[in-house]
Amino acid sequence: MAKSRPYLWSFGFLFVAMTLSVVIGSVLIPLSTLGRMFLHHISSVGQTDWPAAYETIVFQVRLPHMVLVLLTGAGLGGSGAAYQGLFRNPLADPYLIGVASGAGLGAVIAMALRWPVDVLGFFTIPAFAFFGALLTVMVVYVLAQVNRTLPTTTLILAGVAVSSFTTAATSFLLLASANELYRALSWLLGGGTIGGWSPVGAMLPYILVGLGYLITTGHQLNVLQFGDEQAHQLGIPVERVKRLILVAATLTTAAAVAFSGLIGFIGLIVPHMVRIVYGPDYRHLVPLSIIGGGVALLLADAVARSILAPQTLPVGIITALAGAPFFLWILRTAKSNIHW
Amino acid sequence: MPKLFSRFFLVFLISIITVGCAQTAQSDANNADPITVIDGAGETITLDGPAQRVVSLIPSNTEILFAVGAGEQVVGRDSFSDFPAAALDIPDIGGGFGELDTETILLAEPDLILASEITPLDQVEALKTLGLTVYTLNDPVDFEGLFENIRTVATLVGRNTEAETLIASLSTRLEAVNIAIAPLSYKPIVFYELDGTDPNAPWTAGGGTFVDKVIATAGGFNLGSDLNGAYAQISIEEIIQVNPDVILLGDAVWGGVTPEIVTARAGWDGLKAVQAQQIFPFDDNLVSRPGPRLIDGVEEMARLLHPGVLE
């Protein structure tokens with residue numbers, strides 16, 4: 001189906017998902033009204049016969065939220081594809097080497113301590129989450145180095161070990177701060193509370209730089225699939241490329257989870273779905289995973305916001321509940337086309 | 001992609017100007033005296049007149065609003081607000097999974113949002129960014145503080161007379177309890193269970209909390225008063241050592257814990273309170289929500305701890 005013109009299809013899906021994201025919400029705004037609202041704001045034609053609240057809802061709540069979710073999904077999808085290529089492992093996801101557990105610890109620390117709120121305002125939790133993620137990955141990186149190389153095996157092992165430690169620390173803090181338990185759990189399952197355009201502005205540089213770099217690594221990732229030694233003989237500066245991809249993917253993921261909490265499955269499943277439909281060429285796998293990640297998260301977020309209105313379920317629950325069976329279904333119907 | 005973003009930013013800019021113009025038009029409609037107060041978070045809040053469309057973010061605020069007769073002025077309430085029954089008919093604006101439903105709040109077009117000390121600051125900030133007026137009501141530390149809060153809310157919604165009547169009535173009832181309890185020399189040791197999921201280390205209220213105060217006012221002694229914090233865990237061994245006279249089950253309503261369940265717990269059967277069957281379920285909402293029902297809680301507890309003393 002999408003073997004030819006994958007980008008056309010992908011952008012098509014993206015447009016549909018973005019529209020859905022703006023249309024769906026706990027307040028029912030008819031499609032025609034939405035259309036007229038956008039038309040009015042772009043060109044000032046038409047009468048404004050909708051309540052002022054609708055304007056605030058669409059342009060200050062839904063639109064920035066849609067962009068935030070899009071960036072998060074894109075970041076997770078792209079870095080997921082990069083991690084899978086880097087580790088040559090179909091089970092690799094952006095959280096493998098401690099980004100998730102580090103971000104979780106950072107966020108829970110921020111929620112447990114009230115004092116930083118005066119200094120950083122309501123960017124405290126994302127800032128702590130972001131730096132928690134980066135610090136954790138740095139620790140893993142330092143632990144995993146063997147002489148001056150970075151073997152993927154030690155990276156994974158160090159990642160698992162450090163993740164266990166940070167998760168334990170997080171659990172302890174969760175128990176100790178009973179007042180924030182609800183909120184902390186909600187964040188850990190994938191629910192951000194900051195609205196408006198400021199989180200988008202804060203995330204944008206990291207996502208753009210990170211994903212921008214990762215898109216260019218397609219060829220190098222392809223060659224890396226042959227193994228470190230082979231890749232080296234084929235002219236790839238293996239250690240340098242590994243480090244750069246790691247840094248870019250980690251920055252992207254850290255920025256993504258800092259504002260949206262820990263959302264699983266997007267980074268793992270979207271690259272696989274793209275691989276099943278289009279094949280394992282990383283030059284296209286990475287960009288398509290970026291778009292696919294955006295689409296997947298936008299859809300999951302729309303479900304999370306509407307299924308139990310006015311409550312908002314953490315998105316991570318929807319991605320987990322829906323992602324696994326969906327992936328199994330795709331796997332079944334396309335078994336013969338899989339190449340890792 | 002960049003084209004899309006620039007388009008959206010343009011839309012955003014234009015809509016900000018439009019929304020801003022719309023809001024200035026609305027504020028001239030009210031001709032009542034403006035109200036300027038400083039809220040619990042130190043922010044200066046200005047209203048053009050008594051708030052007519054209030055959204056409450058916490059059950060205690062909802063209860064205070066209804067108690068001062070402003071029930072008709074409430075246009076949104078959080079998921080946990082369930083008292084009085086009329087509150088359930090008011091649109092639910094979320095808060096269940098820790099996140100407020102901003103869209104429904106906006107649709108209700110509130111002129112005042114009544115938050116509390118425990119409302120997450122970034123949510124308060126997010127609501128303010130959308131141009132809404134948010135008043136943070138801090139938790140009271142004693143009954144005088146509670147009465148002050150009632151007065152404050154009444155000022156915001158223009159119900160000062162009703163508030164004074166309410167406060168007078170509450171003070172009288174509180175005074176009656178104090179007078180009845182004061183001459184008593186017997187002060188039972190009370191273990192107030194907040195959460196008994198782990199019977200070897202149940203949770204209770206520490207010293208300085210309102211539960212602690214209510215127990216003291218009702219003529220009892222809170223077993224957990226040496227502990228720190230609103231939620232403090234205590235070991236069953238300490239409970240056995242102190243051997244409370246009365247056990248109150250604050251987790252009876254939300255957790256379904258009954259006196260039979262407590263009697264069946266290992267190690268609890270030797271307690272004085274268990275053997276004398278002095279285990280009582282207690283509606284935790286009466287002591288955990290800093291609203292007018294705290295006085296109900298005091299009376300209820302006084303009746304349990306000192307039967308027959310209050311008429």
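In which sense do strand 5 (residues 112-116) and strand 6 of chain B pair, and over how many bridges? Select both: they pair in the parallel sense over four bridges. Strands are DSSP runs of E of at least two residues, helices runs of H or I of at least four, numbered from the N terminus; two strands pair if DSSP finds at least two bridges between them. Before going on, note that this is a predicted model, where local features need pLDDT of at least 70, side-chain atom pairs count only at pLDDT 80 or more, and totals for chains, interfaces and linings use all residues. Residues are numbered from 1 along each chain as its sequence is written, while chains are lettered from A and ligands numbered from 1 in the order in which they are written.

Next, zoom in on Ala115(B), which stands opposite Thr136(B) in strand 6 of chain B.

Now widen the selection to the open sheet of chain B, four parallel strands in the order 4-3-5-6. Strand 4 (74-77) and strand 6 (134-137) of chain B are at the edges with a single partner strand each, so one side of each has no neighbour in the sheet.

Finally, select chain A, with 15 helices and zero strands. Its C-alpha trace spans about 70 × 55 × 35 Å along the principal axes.
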